[in-house]
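User: I'd like to go through the ligand site of this model with you. Can we take it step by step?

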Amino acid sequence: MHGGTRIRVIEPTDAAPIAAHRARDIEAFRRWEPARPTEFFTPEGQAERIDSLLAGYRTGTVWPGVVLADDQVIGEVTIGGILPQAHLRRGSVGYWIGSVAQNQGHAGRAVELALRVMTDELGLHRAEASTNLENLPSQRVLRRNGFSPYGVAHSSILLDGSWRDGLLWERILGD
Ligand SMILES: CC(C)(COP(=O)(O)OP(=O)(O)OC[C@H]1O[C@@H](n2cnc3c(N)ncnc32)[C@H](O)[C@@H]1OP(=O)(O)O)[C@@H](O)C(=O)NCCC(=O)NCCS
């Protein structure tokens with residue numbers, strides 16, 4: 001427990017609460033999250049997605065986490081693109097929090113906990129992230145966790161029908 005926020009590796013039983021959050025938040029997330037196929041918003045579609053995330057977890061390319069408050073799933077925090085090679089040792093952090101649980105510090109604490117996983121469990125040296133230029137809440141989450149912006153990836157993600165620039169973030173974790 002950390003300020004009322006926990007993270008753990010995703011489990012098959014998380015499919016239903018994740019689908020419920022994402023179905024309810026389709027409109028709220030439209031600006032920030034890529035369009036998804038219909039099955040993404042169903043427990044069955046999420047169960048398939050979780051299977052594939054756990055396959056990546058077993059091979060070490062992804063650490064797929066859920067965010068919990070009062071033992072309820074309220075969002076996800078994912079360490080993706082893990083490059084464990086000794087000369088790279090980096091990964092990229094992504095996250096969302098359901099609209100019903102936003103603005104209570106959960107994403108900030110979840111990223112802090114994910115950074116601990118990156119150092120203590122995965123032995124990584126560098127954390128990266130990407131946000132929309134207008135996504136100020138997400139940028140606050142990263143700044144609060146010691147990330148700095150280092151560049152702009154032009155026309156890098158299709159969001160709500162138009163190609164958007166991505167602001168690139170980095171944080172050096174340690175040796
Ligand atoms: C971005 C997101 C994960 C933040 O989750 P959260 O749990 O609400 O985040 P926190 O409460 O930890 O922090 C939010 C911060 O944004 C600030 N904020 C909220 N609304 C804001 C706004 N309109 N403008 C500027 N800052 C704002 C809050 O004050 C807080 O900053 P602080 O730490 O300085 O007080 C959540 O809004 C979300 O899931 N959004 C939709 C999907 C998304 O954007 N994912 C990230 C893609 S990069």
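User: How far is an oxygen atom of the ligand from an N or O atom in the side chain of Arg 140?

Analyst: This is a predicted model, where local features need pLDDT of at least 70, side-chain atom pairs count only at pLDDT 80 or more, and totals for chains, interfaces and linings use all residues. Residues are numbered from 1 along each chain as its sequence is written, and side-chain values use heavy atoms, leaving out hydrogens and water. A polar contact is a pair of N or O atoms within 3.5 Å. For Arg 140, the distance is 2.7 Å.

User: Which residue has a backbone N or O atom 2.8 Å from an oxygen atom of the ligand?

Analyst: Tyr 95 has a polar backbone atom 3.1 Å from a ligand nitrogen atom. The 2.8 Å distance to a ligand oxygen atom belongs to Ile 97.

User: How much of the ligand's accessible area does the protein cover?

Analyst: Accessible areas come from the Shrake-Rupley method with a 1.4 Å probe. On its own, the ligand has 970 Å².

Definitions and conventions
A polar contact is a pair of N or O atoms within 3.5 Å; within protein, one must be able to donate a hydrogen and the other to accept it, and residues adjacent in sequence count only if both atoms are side-chain atoms.
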